[in-house]
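Have the chain open while you read.

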Amino acid sequence: MAVSLTVKPVAYDTYSVSGKTLPDIAKSIKSKGPKDPNDNKKVTFLTTTELECLTAKGKYVADGKAKIDKKTGWFEVTTKVSTLKLILHTTVRCPKRSVSGLSPRALIEWYRFYACCLAHEGEHLIKAKKECEKIAKELDKLKGTGLAETEAEALKLAQEDLMRVINIHIFDDRNRLNEVHRKFDHSSHHGEKKGALLDTSVG
């Protein structure tokens, strides 16, 4: 495939939480935790993804031979992607794992909750990667067209047209990735169905 996808390592953006008990920790998270843009609720962990498309560095070639427009006698050229790089950037906003002052039992619960949250955020990345792979296949099929007096000029216009079409597609795809995250959080209750819920009753 002419379009390639690179998945960059996850960047972790941490914030500190404090408290001598789990209810205190929960209160600290509500104060300092990130806000999910989809439902405006404070969460413990938040994964954000951005798909970068290196359109200007891509290569675009003629798709078949140039045609001659019967009315004008001008050249009509269609272009396709030869090489194009997509880069998926992922950031996870999360609390620092180390906390002090908790009882041994409370600390075990905190670590359990933390591990479940990390697993949930990992699933966010998997789903985003799959969506980006779909986007790559869609970009692979896009075409550009150009009409000019010379074949060289028609090719140049067709390449510019294809780059414009790609940029429009990528701009629209930003909402697609956000929708993937929204649907997953809605169906999993932000991972609570798989244990990403802090049991504050543990003393």
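Predicted model: local features only at pLDDT ≥ 70, side-chain atom pairs only at ≥ 80, totals over all residues.

How many aromatic pairs does the count come to? The count comes to three, where rings of Phe, Tyr and Trp (its six-membered ring) pair if their centres lie within 6.5 Å, with planes under 30 degrees apart called stacked, over 60 edge-to-face and the rest tilted. Take Phe-45 and Tyr-114: their ring centres are 5.0 Å apart and their planes sit at 75°, so this pair is edge-to-face. It joins distant parts of the chain, since Phe-45 is in the loop between helix 1 (22-32) and strand 3 (46-53), while Tyr-114 is in helix 2 (residues 104-141), 69 residues apart. Helices (H or I, at least four residues) and strands (E, at least two) are DSSP runs, numbered from the N terminus.

Both Phe-45 and Tyr-114 are buried, meaning under 20% relative accessible area, with exposed over 50% and partly exposed in between (1.4 Å probe, protein chains only). Ring pairs also tie Phe-45 and Tyr-114 into a cluster with Trp-110 and Phe-113.

Now the backbone: Asn-40 and His-189 have positive phi without being glycine.

| Residue | Phi | Place | Relative accessibility |

Residues are numbered from 1 along each chain as its sequence is written, and side-chain values use heavy atoms, leaving out hydrogens and water.
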